Amino acid sequence: MGSRQQVDEFLAEAEELLEKLSQDLAELGEGIENGDVNPELVNGIFRDAHSMKGLAGMFGFDDIAELAHHLEDLLDKLRLGKISLNRILLDLLFETIEGVGLLVRGKAGDPDYTINVAPYVQRIGDLLAGPDDNSAITLEALNLDVALLNVLTEYEEHRLQENLTQGRLLLLVSVAFPLDSFDTDLSDVIGELKHVGEVVSTLPGAANADPSSLAFRILFACKIPLENLSATPGLSDCCFETVSPAPPVSVSVPAPVLAGVSKGLTQAEQPLPQEAPLQQTGEDTSLRSVSHSVRVDIGKLDILMNLVGELGLVKGGIAQVASDLSNSGVAQACDLEKSVHSLERRLAELQKAVMDVRMVPVRQLFDKMGRIIRRMAQELGKKVELKTFGSETEFDKLIAEELADPLMHIIRNALDHGIESGTERLAAGKAEVGCIELRATQRGNHVVLEIADDGKGIDSEVLRRKGIERGLVDSDTQISRRNLFGLLFHPGFSTRDEVSEYSGRGVGMDVVKNNISALSGIIDIDSTYGQGTQISLTLPITLAIIKALVVRIQGRDYAIPLTSVLETLLLEPGMIQTIEGQEVVELRRSTLPLLRLNQLFNLDGQTSSGGDFVVVAGFAGRRIGIVVEELRGQQDVVIKSLGKSLSFVKGIAGAADLGNQKTVLVLDVSSLITDLLRGDTGLNV
Amino acid sequence: MRGLIVSTLEAMECCEVVEACNGFEALRMLPREKVDLIVTDINMPDINGLELVNFCRNNPLYQATPMIIISTEGSERDREKGLALGADAYLIKPFRPADLQQLIRKLLH
């Protein structure tokens, strides 16, 4: 079994399932006592046992998986009414769950801990080997038309059986409605009936004298006396026929349970104490959970984060008042300002603490990828080694979740198309075992994830030719290496035609790129033919709360995430040059392309005449200059997304509240950069 | 699922498909449409597929209309009942669209 973290991950989920199972079993026990068992509850328990099996199987805990498998089997039979629910069965369910719990808690101390599950399995087997239910006999003995029984599905038969066991009054309700309104009329009647019992089946009547109406019979298990039912206002058109009367109250509930006990005793209870003692839980077993983690819905953390952000805005308001008071010479202003400062510090700590809760180590993601690589390598018959670096690097849980799929696609591509088979590798003079490297590093407010393989790489010449064929590249212009590999992110672009041995199942890199962009991240790809491919993802550590530079463009305020602002310049007349229709300025001997948002967003009003500022924005080695009229200051903002219906808007990451009842749009620097540097001006705004 | 079946049938080109989203709707639709073949799920929210088969087989108008029941669970008991009631075929999901098409061709010709 794998690493400590994997065990922890398993424990957290397994304990949660166990707890739910115990609760539901307790509820089931109450149901038996009251003679009213909810079929949905049994279904739920069955599904949880199934999840437990899957979970244990995934982490390689075969003993738990085996036990859960037999539990699931038992519950499936119960669900379909093939065995009857009684105290004996409930005890067996509790004991089996206890056994699973024992194993789970044991694994917390030592992953190799195990117990003998055979006694548990045998008990379940014994119970299942017991005589089948007497269902067929009782149903046929009912005062029911055989033709009617013949149209009940197995599940409906089971429900009928169950209601009989509960001692309910069974009725056949007859009713006829006009052909053009029968569905609503009938639904009303059924709705009425469902308040006081269970509708087992609705049967359309075939032979009817009046062709303009349709007759129905409803098989109904009733919880109230017939007199009360027929007095119900909505049921005045119905005709009731008793199929099986409710037995006298005194014997109604205990009878079926007792029958089960006497049967169960001979089958299951007797052999156990001597031959197959179950693992003793013992006095010393602690009831405390072994896992110290709490699982919280990320939505709750988002709410917390938003509150912190809004507190920050309130603080800003108070600070403003304090400074106004101070300026007008109020005596206590100084104390107020001190308090505001200490509020500010505490708030910063609170923000950091909330942020920390959201942070997860990238290791969780790496472990998942490790499992995928092992499984895929086996399927493809390739030998691959995984190396990970910097797995303790942390980032926001939300980003980690959103990153799982794109990362999986990248790794699949690497394994499928990158890494060659063992013989091919030996022939190329490489080590027989291929290698995939996952590397995470933190750079300021960003995390860089690099995925490198030492496979066959991508032939840049093929890429170039294909680009020219598709009209994406001019045949006579020089294209930079970055732009060349950037072609891979074009929708529908594939190298599959040329290289036949590429299996062609590669996931479109354009999809991966869109996923990364949605996280305000940037993806880069580089490859050396014959030696391997490197993909690097640059992502913000968190999306929840950011520092932003507020700027004014054409009389409107925008926020630019400070993480992507490198510097600001005063734009002096004459600095701007035009190269191939693109405005640029020269900055320390490199050329900086300029972006005018008023043109991009088609804002009204004339283009400002100059005398502006340039915000140099960029990361991952790419920079652009955004021309703005005014730099208004720095502020913490909580970004709210624009929502699904505006998801087509490019260049805007979301909206943020500035605290003075003003809402600003937050620029999506990564998409602005990518589109400007690609020369794509077709932004939809 | 219903969408898949409809598109499977429409792909056959010989068929015009009318859909009912539950048993009641089917019962309303039957007198209005001239139906050559019925495909029904065994589990519907209102009436079950067996009941629909029974209804049709006992009604002179639809007595001879070929009927196919489709089911997710492979309950042998339900299958036997369905065929005994007069369904022409009982298909258990998952099946290949081609199987359904072949079955329909057989039943219609």
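**Rings, charges and a strand in chain A**

The charged end of Arg439(A) sits over the ring of Phe389(A), 4.3 Å from its centre. The rule here: NZ of Lys or CZ of Arg within 6 Å of the ring centre and within 35 degrees of the ring normal. Arg79(A) lies over the face of Phe46(A), at 4.4 Å from the ring centre.

Now the ground rules. This is a predicted model, where local features need pLDDT of at least 70 and side-chain atom pairs count only at pLDDT 80 or more, while totals for chains, interfaces and linings use all residues. Residues are numbered from 1 along each chain as its sequence is written, chains are lettered from A and ligands numbered from 1 in written order, and side-chain values use heavy atoms, without hydrogens and water.

Next, ring pairs. Rings of Phe, Tyr and Trp (its six-membered ring) pair if their centres lie within 6.5 Å; planes under 30 degrees apart are stacked, over 60 edge-to-face, the rest tilted. That gives five aromatic pairs over all chains. One of them is Phe10(A) with Phe59(A), tilted, 5.5 Å centre to centre and 55° between the planes. Phe10(A) and Phe59(A) are both buried (under 20% relative accessible area; exposed is over 50%, partly exposed in between; 1.4 Å probe, protein chains only). Ring pairs link Phe10(A), Phe59(A) and Phe61(A) into a cluster.

Last, strand S18 of chain A, residues 613-619. Six of its seven residues are buried. Strands are DSSP E runs of at least two residues, numbered from the N terminus. Pairing takes at least two DSSP bridges. S14(A) joins S18(A) through five bridges, antiparallel. S19(A) joins S18(A) through seven, also antiparallel.

Methods. Helix = DSSP H or I, 4+ residues; strand = E, 2+ residues; numbered from the N terminus.
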